[in-house]
Amino acid sequence: MTYEISIQGKNYRLELSQPEGRWSCRLNGREIEVDAVLARPNVLSLRIGNKAYEVKCEHVASDVHIWVGSQRFAPEVRDPRSLRSRSHAADEQGPRKLTAPMPGKVVRILLAQGAEVEAGAGVVVVEAMKMQNEVKSPKKGTIQKILVSEGAAVSAGDVLAIVE
Amino acid sequence: MFKKILIANRGEIAVRVIRACHEMGIAAVAVYSDVDRAALHVRKADEAYPIGPAAASESYLNIQKILDVAARSGADAIHPGYGFLSENANFARACTEAGIKFIGPTAAAMDAMGSKTRARQAMERVGVAFVPGTSRGLESFEQAQQVAEQVGYPVMLKAAAGGGGKGMRLVHAAEDLKSALESARSEAERAFGDGEVYIEKAIINPRHIEMQVLADEHGNTVYLGERECSLQRRHQKVVEEAPSPVVDPDMRRRMGEIAVRVAQAAGYTNAGTVEFLVDQEKNFYFLEMNTRLQVEHPVTELITGLDLVHLQIRIANGERLPFTQDDVKVRGHAIECRIYAEDPDNNYFPSPGKITLLLLPSGPGIRSDSGMYEGWTVPMDYDPLLAKLIGYGTDRDQAIGRLTRALNEYFVGGIRTNISLFRRILNHPDFRSAKIDTGFLDRMLKQKNEQPDFQADAEATEVAVIAAGMFATLGSAAAGAGERATRDGASVNAEASSNWRVAARREALR
C-alpha cells in the first residue's frame, strides 16, 4: 500500500506492506523499523525502533484525527490509486459546505438563500446545552442553498448550508 | 436505616450517590428523562422510572412526578444531588409532607440562606463579617448612589436570588451606576422572577474559599476544612483544591468557627458549604451559604478520609455525628478537575455527541467520578459536566504530578472536552506557585496558548503519519483488538469468534 498523507500542509509518502504479518514501512523513501499491536479498537501500540507510542484514532463527523499521546493531528490520507480520493480533492475548490459542529437545534438562520456572505460571517445559529453557536462561512461568496429550517434538530456533521 | 433511597438527579452525582447507597446496603432508585434512558445512573440503579421529556422543567425539576415515583417505589428518602431541586425549599417541604425524608437541610434553613439579602441580614444579627454594602434590596437609585459613595468604587450589584453570574454588574464609576442598576434589575427579574438587587464593595481579584460544614439533628456542627475554588470561568468553578495553599491552621480554625456560627444561625442540618471572599491581605468575608452537597466535595473527602454522602445519609437517618471537631484532621492535598463536554477550539462551547472511545486514568492517588461510558451519547439538554478527575498526594506538588500524569492517560474520543485546558492550568507557573485568584483563568486564556490546536512536533508528526496509514490499511479490521495489528491476524480473529459462535449454537441445540 502506498499513501500520500498530508499534515499541516506537509506532504509525506508512506509505503506500508505486511510480508509474513510483519509491517514494513518506508516514509519518504526512508526505511523505518515499526511494530504495531492493536490494543483495542482505534488504539494502536506502536514501536518505532525501541520507542513506544500509544496512538488513538478518533472519528469526528467526517474527519479522522490521530492522537499521539496528547497531541492531535488531522491527517489527510490519499490512496493515489483510489478514484474516491481524486473526486474528494476536486471538492475542495468548488462549493463549500457548512456543517453542524455538534448535535443541536437550529435556532436562527441569519442569511437567506442567494445572499452575499463574507468569510467568517455567521450563517446559521445552532443551540446545544443552553448555549448558542454561530456556524460561520468558510469563504467569501454567495449562499447557494440553506438546507435546514429554524427549529430543526441536527446531528454533528449535518450540512446546514452551501456557500458558492 | 433507610431501605431505599430515590436519587432525584442524573449524571455523575446520581452515580456517586447510588454507589454510596450500595456501599451501605441500601437500594437505589433512579429517575430519568426520555433522553437519559441509556445514562449510566440508570444502569447502576436497582430500580429506574421514567419521568418525562428531556426539558428539566418537565422531568428532573417536576416535584410531583418525583414524589409519585417515591411513592410507587416505596422509597423512604430522597437524595437531591446538586443543581435541579437540591436547593428548592418547596421540594424539601413537599417531601416532608409526603412522609419521605429529604436528605439535606430543612426547608426553613434553606429559606433563611436561599436569598442573599436575607442571609446577609442573618449574618448582621450574629456579627459575621460580610462584604461591606447593603443587607437589603436597594429601594432607589439615590440609595444606591449613597451606599456606593460610602463603601467606595468599584462596587458590585448583585441579585438577591442570584447565582451563576446572572443579575451581577461590576461598576467602576458613579456615572455608570444608573444604567448598571437598571440592567441588573431587569436581568434578575427575567432570570429569577425577582428583581431585588443589593450593592456591595467589589473586591478585585479575590480568592474564593469555602468551608465545608456538617451538622446533625442533635445540635452538633463541625467544619471539615476549606476548599480553594478561585479558578473560575463565567462564574463557574473549573478547578478546586483542598486545603487552600494560603490558609494556615489558625486561619482555618477562625474561618471554620465562623462557618459553624453561620450554620447554627440558620438552624442548619446535614452537609452545607459557607463561601467566603478573601482579599489580598487574607481578610475574609461571608459571601453565601450553599445548602447542598457541592460538586467539589471529593477533595474534602480525600483530605479528611470521610465519606460525605454516607454521613449525609446517616444524619438524615437521625444519627449523631460519629466524631467531634478535634477528630477532624487535614492530611495531604487533593485537586479536582471538572471534565466538561466543551470545545476548547470554539471558545469552550458545549460539545454533546457520541463518545466513540474512552480511556480512563487510574493508579495511585487518582479518583474518577464519572457519568459517562464508551458508546454513550451525551445529550444536548443538560449541563455539560461529564466527570470529575481528582488527584490526591502527600503534598500539593505530588497531587499536581499525579493529576498531570492521569490527564495524559485520559482520552475521550468522539466529542470535544476541556481536558487540554487542565494540562495548561497545571503547567502554569502561577498555578504551580499557587498565585491564583478569580481572575487567573481569564488572564491565562487571554495569553496565547503555546500549544496550537493541531501539533507540528516533528517526531510525533511522523508517528501520526505512520499510524494514519496503518489505520487506513486496517480499515474496519481496526475494530478487532488484542492481536498483532495485521490484516491477516484480524481475519483469523474474526474466524475464531465465529467458531465460538458455531460451538455455542451446537451446545444450545443439544
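How far apart do the C-alpha centres of domain 1 of chain A and domain 2 of chain A lie? They lie 32 Å apart, in a predicted model where local features need pLDDT of at least 70 and side-chain atom pairs count only at pLDDT 80 or more, while totals for chains, interfaces and linings use all residues. Residues are numbered from 1 along each chain as its sequence is written, and chains are lettered from A and ligands numbered from 1 in the order in which they are written.

**Domains of chain A**
- Chain A is assigned domain 1 (2-91) and domain 2 (96-163), with bounds that come from an automatic or database domain assignment.

**A sheet in chain A**
- An open, antiparallel sheet of four strands runs in the order E11-E18-E16-E13 (chain A); strands (E, at least two residues) and helices (H or I, at least four) are DSSP runs numbered from the N terminus, and two strands pair if DSSP finds at least two bridges between them.
- Strand E11 (96-99) and strand E13 (116-117) of chain A each have a single partner strand, so one side of each edge strand lacks a neighbour in the sheet.
- E13(A) pairs with strand E16 (residues 141-146) of chain A in the antiparallel sense over two bridges, and Val117(A) stands opposite Gly141(A) in E16(A).

**Contact between chains A and B**
- Chain B brings 45 residues and chain A brings 50 residues to the contact, where two residues count as in contact if their C-beta atoms, placed from the backbone, lie within 7 Å.
- On the side of chain B that touches chain A, H16(B) gives the most, with 14 residues.
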